[in-house]
Amino acid sequence: MKPSDITSQDIILTGDRTTGSLHLGHYVGSLRNRVLLQERCQQFLLLADAQALTDNMGNYLKVRDNVLQVALDYLAVGIDPAKSTIFIQSLVPELTELASYYLNLVTVSRLERNPTIKDEIKQRGYERDIPAGFLTYPAAQAADITAFKATIVPVGEDQIPMIEQTNEIVRRFNASVEHPVLVEAKAMVPEVGARLPGIDGKAKMSKSLGNTLTLSASADEIRQAVKMMYTDPNHLRVSDPGQVEGNVVFSYLDAFHPNIELVKRLKEHYRLGGLGDTVIKQHLEECLQELLAPIRQRREEYARDPAAVLAMLKEGTARARQVAAVTLSEVKAAMGLNYY
């Protein structure tokens with residue numbers, strides 16, 4: 001599914017964990033699409049502080065402080081709070097109540113079989129010491145999605161099992177009350193692959209791996225990051241033929257450079273030999289400097305008035321609560337929990 005397939009009837013729910021400032025992987029994977037989609041349909045953007053706490057319970061201030069940082073990144077890239085509802089997850093208690101009901105519709109074994117959960121448990125080295133909140137966050141995510149009756153959820157390929165599990169919960173709940181109260185959602189995967197590789201050449205750009213380039217990066221930080229990027233380890237001399245596949249610099253040029261024909265010519269020249277890594281890195285640096293300079297400037301302007309940003313979040317959270325409260329009321333009525 002592409003952004004062009006979205007209609008005005010669609011409702012989008014997406015968001016980010018508040019564990020650090022956003023980076024280029026977020027931008028290419030979701031943020032730039034969000035700017036486009038807010039012109040086409042209703043969009044809810046979740047600052048997932050409650051979800052972030054499932055594996056950061058000893059680091060409350062990190063999660064709390066990054067609510068503002070992620071909000072600044074949203075505004076800096078062009079997300080308009082008048083067009084997209086930006087809200088703080090922990091301040092919408094209706095989501096927690098919905099999740100508590102949904103937990104009765106899933107088993108522990110089903111949660112453990114979720115491929116996304118299995119991979120993340122392995123990455124964090126939990127083994128059997130899994131925080132219960134972390135194991136059950138597919139139910140919480142189902143609450144986030146269904147509370148707003150989202151029809152589209154933009155995700156990376158690795159998150160598709162989460163949407164599938166949400167839809168399982170939707171079907172089980174609707175079957176249990178014999179009424180189509182909840183709505184199933186479709187996953188929308190970005191066209192530029194599931195993940196942008198890290199600047200160190202690893203498979204993904206990740207805050208936890210420390211191989212990111214943040215949206216607020218300075219000109220010097222951008223320059224240094226590009227210099228550090230891996231190319232082809234066998235491309236020892238300029239005259240040597242080089243490999244484009246798996247070459248981090250070309251992955252970034254594909255993702256960000258506006259001149260597709262130029263990138264195509266650079267690839268052809270690199271494969272034949274006679275094109276040095278310094279030249280392709282120069283093209284990439286110029287591209288990233290041009291992309292990030294206005295984002296950095298807008299972010300700095302918004303950061304000068306944090307009270308205004310928090311007021312925006314308060315308003316967006318109030319709007320989100322109104323919508324979630326309607327869904328919660330419908331769910332409780334379907335279960336016969338409307339006693340008076």
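Predicted model: local features only at pLDDT ≥ 70, side-chain atom pairs only at ≥ 80, totals over all residues.
Reader: How is the packing of two helices described, and what are the values for helix α11 and helix α12?

Author: Two packed helices are described by the angle between their axes and by the distance between those axes. In this model, helix α11 (residues 248-256) packs on helix α12 (residues 260-272) at an angle of about 160°, and the two axes lie 10 Å apart. An angle over 145 degrees counts as roughly antiparallel, and α11 is therefore roughly antiparallel to α12.

Reader: Is the crossing of α11 and α12 left-handed or right-handed, and which residues make the contact?

Author: The crossing in which α11 passes α12 is left-handed. From α11, the contact uses Phe250, Leu253 and Asp254; from α12, it uses Val263, Leu266, Lys267 and Tyr270. Sorted by class, this contact of α11 with α12 holds five nonpolar residues, two charged residues and no polar ones.

Reader: At what angle do helix α3 and helix α14 cross?

Author: Helix α3 (residues 60-77) and helix α14 (residues 306-334) cross at roughly 90°, and their axes come within 11 Å. Angles of 65 to 115 degrees count as roughly perpendicular, and so α3 and α14 are roughly perpendicular to each other.

Reader: Which residues form the contact of α3 with α14, and how do they divide by class?

Author: Val67, Leu68, Ala71, Leu72 and Leu75 of α3 meet Pro306, Val309, Met312 and Leu313 of α14. The contact of α3 with α14 comprises nine nonpolar residues, with no polar and no charged ones.

Reader: Let us turn to the spaces in the model. How much space lies in the second largest pocket, and what lines it?

Author: A pocket is an open set of points. The second largest pocket holds about 330 Å³ of space. Its lining has 19 residues, of which Ala50, Leu95, Thr96, Ala99 and Ala140 are the closest to its centre.

Reader: Which helices supply the lining of the second largest pocket, and which gives the most?

Author: At least two lining residues come from each of α2 (49-52), α4 (93-102) and α8 (137-147). The most come from α8, which gives six residues. By class, the lining of this pocket has nine nonpolar residues, nine polar residues and one charged residue.

Reader: How many cavities of 30 Å³ or more are counted, and which residues line the largest cavity?

Author: In a cavity, a probe fits but cannot get out. The count is one cavity of 30 Å³ or more, and about 30 Å³ of space lies in the largest cavity. Its lining consists of Gly29, Ser30, Asn33, Arg34, Leu37, Pro154 and Met188. Helix α1 (residues 24-37) provides the largest share, five residues. The lining of the largest cavity divides into three nonpolar, three polar and one charged.

Key. Residues numbered from 1 in each chain as written. Heavy atoms only, no water. Axes fitted to C-alpha atoms, helices over the stretch in contact; angles between N-to-C directions. Helix = DSSP H or I, 4+ residues; strand = E, 2+ residues; numbered from the N terminus. Parallel < 35°, antiparallel > 145°, perpendicular 65-115°, else oblique. Left-handed = near helix turned anticlockwise from the far one by under 90°. Contact = heavy atoms within 4.5 Å. Nonpolar A, V, L, I, M, F, W, Y, C, P; charged D, E, K, R; others polar. 1 Å grid on protein atoms, 1.4 Å probe; cavity = no way out; pocket = protein on both sides within 12 Å on 5 of 7 lines; lining within 4 Å. Points joined across faces, edges and corners; volume = space filled by probe spheres on them.
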